Amino acid sequence: MKANEIIQEFEKKYPVQAAETWDNPGLLVGKDTQEVQKIYLALDVTKEVVRDAVEWGADMIVSHHPMIFSSMKQINNHSFLGEKILSLIENHICCYAMHTNFDVCGMADINARLLKLEEPEVLFVTEESQTGAQGIGRAGMLPKKMTLGECAEYVKTCYHLPQVKIFGEKEQMVEKVAVCGGSGKSMIGDAIRKQAQVLITGDIDHHSGLDALDQGLAIIDAGHYGTEYFFMEQIRNDLENLDGTLEIRCAEFKLPYSYL
């Protein structure tokens, strides 16, 4: 298949129009007329991902986070981003990203499904139509009432994570939760408006965590990577259903940090 044929199928399911205005999804590097047989899937286009894709002979990288966010005045070997772009071009690898459009049309429901939330509803509405609301994150009921500590263990189990960070008392009871994949501190107000008792997300800083607690909202920080890495498995399934002859490789599961 050609890259543009694959992209057309992606954009039927995860339309770029669903992305936030500040975002930069789409074909970021390469030609959409390129023939594609090998697709490498990653959350982030790191130097390691580029190196692995080149060694494997990939024709296309599909990532969640866009490799290019801001405008660039120069593309050369004097910057780490320029080096990655040049490596992709030199090895005829096109690079495509689905970010907040996937968050709206895929990630939110995946998070809710992994946590087995009951009566899920959109946390932050980005668009309303005759078919209903769509947006980022979900709010819903846990399968049963549990302590915050038990909920943290439940999140670790559902997301297959070695650790999470908690803002709040482990003994407090929680039942209604909000979840937002990735960096979700901007969803704290929405979680409170939904009357959630805990927000499950990533990238919560010290002050945001304390402010949430002051407003009665506990936080389980499962990490940006930990709440989004399943993007790769979803896109693998999409591609396998599209064309069974495509060769697909996912970047290795690897948390970008560790605790000592």
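This dialogue goes through several features of a predicted model and how to read them.

Me: How many helices and strands does the protein have?

Reply: Helices (H or I, at least four residues) and strands (E, at least two) are DSSP runs, numbered from the N terminus. Here there are 8 helices and 11 strands. The radius of gyration, taken over C-alpha atoms, is compared with a globule rule of 2.2 Å times the number of residues to the power 0.38. For this protein the radius is 19 Å, close to the 18 Å that the rule gives for 260 residues, so the protein is as compact as a globular protein of that length. The C-alpha trace spans about 55 × 50 × 35 Å along its principal axes.

Me: What share of the residues is buried?

Reply: Buried means under 20% relative accessible area, exposed over 50%, and partly exposed in between (1.4 Å probe, protein chains only). Buried residues make up 50% of the 260 in the protein.

Me: What share of the contacts joins residues at least 24 apart?

Reply: A contact means heavy atoms within 4.5 Å. Among contacts between residues at least 6 apart in sequence, 66% join residues at least 24 apart.

Me: How many positive and negative side chains are there?

Reply: Lys and Arg count as positive and Asp and Glu as negative, while His and the chain ends are not counted. The place of a charge is taken as NZ of Lys, CZ of Arg, CG of Asp or CD of Glu. The protein has 24 positive and 39 negative side chains, and the centres of the two sets lie 2 Å apart.

Me: Which way do S5 and S6 run, parallel or antiparallel?

Reply: Two strands pair if DSSP finds at least two bridges between them. S5 (residues 118-129) and S6 (residues 132-147) run antiparallel, joined by 8 bridges, and a hairpin of 2 residues connects them. S6 also runs antiparallel to S8 (residues 173-183), with 6 bridges. Met141 of S6 can be followed across these pairings: Glu118 stands opposite Met141, and Met141 stands opposite Lys176 in S8.

Me: Which strand is joined to S3, and are the faces of S3 covered or open?

Reply: S2 (residues 38-42) is joined to S3 by 4 bridges, and the two run parallel. Ala42 stands opposite Ser63 in S3. Both faces of S3 are covered: Met60 and Val62 on one side, and Ile61 and Ser63 on the other, are all buried.

Me: Which residues of H3 are buried?

Reply: An α-helix has 3.6 residues a turn, so residues three or four places apart point the same way. In H3 (residues 80-90) the buried residues are Leu81, Gly82, Lys84, Ile85, Ser87 and Leu88. Their cover includes S1 (26-29), H2 (47-56), S3 (60-63) and S4 (94-97). Just after H3, His92 takes a positive phi of about 55°.

Me: Where are His65 and Asn76 found?

Reply: His65 is in the loop between S3 and H3, and Asn76 lies in the loop between S3 and H3. His65 counts as buried at 11% relative accessibility. Leaving aside neighbours within four places in sequence, His65 is in contact with Leu43, Asp44, Ala97, His99, His224 and Glu228. Asn76 counts as partly exposed at 22%; with neighbours within four places again left aside, Asn76 is in contact with Gly82, Glu83 and Leu86.

Me: Which phi values do Gln195 and Asp203 take?

Reply: Phi of Gln195 is near 65°, a positive value in a residue other than glycine. Gln195 is in the loop between H6 (188-193) and S9 (198-202), and is exposed, with a relative accessible area of 64%. Phi of Asp203 is near 60°, also positive in a residue other than glycine. Asp203 lies in the loop between S9 and H7 (206-214) and counts as partly exposed at 38% relative accessibility.

Key. Residues are numbered from 1 along each chain as its sequence is written. This is a predicted model: local features need pLDDT of at least 70, side-chain atom pairs count only at pLDDT 80 or more; totals for chains, interfaces and linings use all residues. Side-chain values use heavy atoms; hydrogens and water are left out.
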